[in-house]
Amino acid sequence: MRILRAATVTATVTALAVVAAGCGGGTSFDDGGSDDSPGTLTYWASNQGPNVEADKKILGPELRKFERQTGIKVKLEVIPWPELLNRILAATTSGQGPDVLNIGNTWSASLQATGALLPWDRKNLDAIGGRDRFLAPALEATGAAGKDPAAVPLYSLAYALYYNKRMFQEAGISKPPATWDELVADGKRISKDGKWGLGAEGGQLTNNIHQAFALGKQHGADFFDRTGKPTFTSDGAVAAVKQYIDFMAKDKIIAPGNAEYGQNQSLRDFATGRTAMVLWQAAATTFAADGMKPGDWGVAPVPVPSGTPGTGRQINSMLAGINIAVFKNTRNLQGARKFVKFMTSDTEQRLLNKTYGSIPPVKAAQQDPAFNRKDTRVLRETLIRSAAPLPQIAEESQFETSVGTAVKDLFADAAAGHPVTTASVKARLAKAQQQMAQ
């Protein structure tokens, strides 16, 4: 899923699952849908482009193409990320939702728990070409383990390390760092005279979670045990969060002002030569919009503790992306399946993912040369080799809010010059774990 999205939603999905099961106002989710309205579909698309209007221009021709092929008219609404989850949750309680919708892949298990989404069992998957068309890692982020997927992968993303070539050259650095020790060393060489080694979005809960999760994997932490119980205060989780905060508190390679960043300001700093490196999902289009040329920046895999990124099974990114789902009470079940098949077809996957700068989760579509450029190749190989999905649990949104806030508060401590110790990190994470239990 895109970084800027609704991670601070206050309603818990677990509670909504109970409400949805007994709530009136719309077709019951137990009926499995119907075909009472075969000529139309409503589609809630997520805002993938620079703005909502851009998405309408991108998707409009494709929806008209689908109408010509099937006779089904699609009513499109593009919903900004800060609004999307709340809109979906409201629809799960009322029963008044769209036929088809995009969801952040980290929400899959949470929304699955509401019972509102159509399960993609073998019959439904076969109707869109079969499970084997999709990358296995992308399918891991479609719902809880052992259950039929609640959605189908649509756009896939991963993190990479972007670096400013001019700033590296001026600092005498010949290649991007492969390990965290190298990143810190490079960052310290750059961090002077108003310039900084690494950018961060300390005020953005989602980005905080993504970074803490990947570092946690490198420290042997999963944040939850096999039963779904939170383990935020494990040694690995504490070490991971402290390592991230120490880039500002101890290593001094992140500017203190980044503690308040939450609207992608670190990308602007990168484009204007104030910050030399950022850890980000597909960023090429944003850099272009900020006036950078492709030759101004480079891209490399996110560093690992030791060795070479992308070798073995060293996780260095959460598996980000967008899934496409169908509300179970749709009045055009056959049409909804046809639309998902259309959107995940090889042709549409190539076209839409090229446009949005994401990577197709459909294997055949990845053969397009556009996904073998230096930047897209790094993202694609990370997805295949070294990305892992966030925990697919019903309480995932609470996890993002509680731990994301803990990281935000720790960045604020670092920016204010307060000591950030193992004990203080553990205390913040203990508070987050208590919030999960409430």
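## Helix packing exercises

Helix α2 (residues 52-70) packs against helix α13 (residues 333-343) at about 125 degrees, and their axes are 11 Å apart. This is a predicted model, in which local features need pLDDT of at least 70, side-chain atom pairs count only at pLDDT 80 or more, and totals for chains, interfaces and linings use all residues. Residues are numbered from 1 along each chain as its sequence is written, and side-chain values use heavy atoms, leaving out hydrogens and water.

**Exercise 1.** Describe how α2 and α13 are oriented to each other, and state which residues make the contact.

*Solution.*
- Angles under 35 degrees count as roughly parallel, over 145 as roughly antiparallel, 65 to 115 as roughly perpendicular and the rest as oblique.
- α2 and α13 are therefore oblique.
- Contact means heavy atoms within 4.5 Å.
- From α2, Leu59, Glu62, Leu63, Lys65, Phe66 and Gln69 take part, and from α13, Gly335, Lys338, Phe339, Phe342 and Met343.

**Exercise 2.** Describe how α16 and α17 are oriented to each other, and list residues in their contact.

*Solution.*
- The axes of α16 (residues 396-415) and α17 (residues 422-437) come within 9 Å and cross at roughly 155 degrees.
- The two helices are therefore roughly antiparallel.
- The contact includes Phe399, Val403 and Leu410 of α16 and Val425, Leu429 and Met436 of α17.

**Exercise 3.** State the average pLDDT of the protein chain, and find where pLDDT stays under 50.

*Solution.*
- pLDDT is the predictor's confidence in each residue, from 0 to 100.
- The protein chain averages 90, with 91% of the residues scoring at least 70.
- Residues 3-31 stay under 50, and the model has 78 contacts beyond four places in sequence for them.

Technical notes:
Axes fitted to C-alpha atoms, helices over the stretch in contact; angles between N-to-C directions. Helix = DSSP H or I, 4+ residues; strand = E, 2+ residues; numbered from the N terminus.
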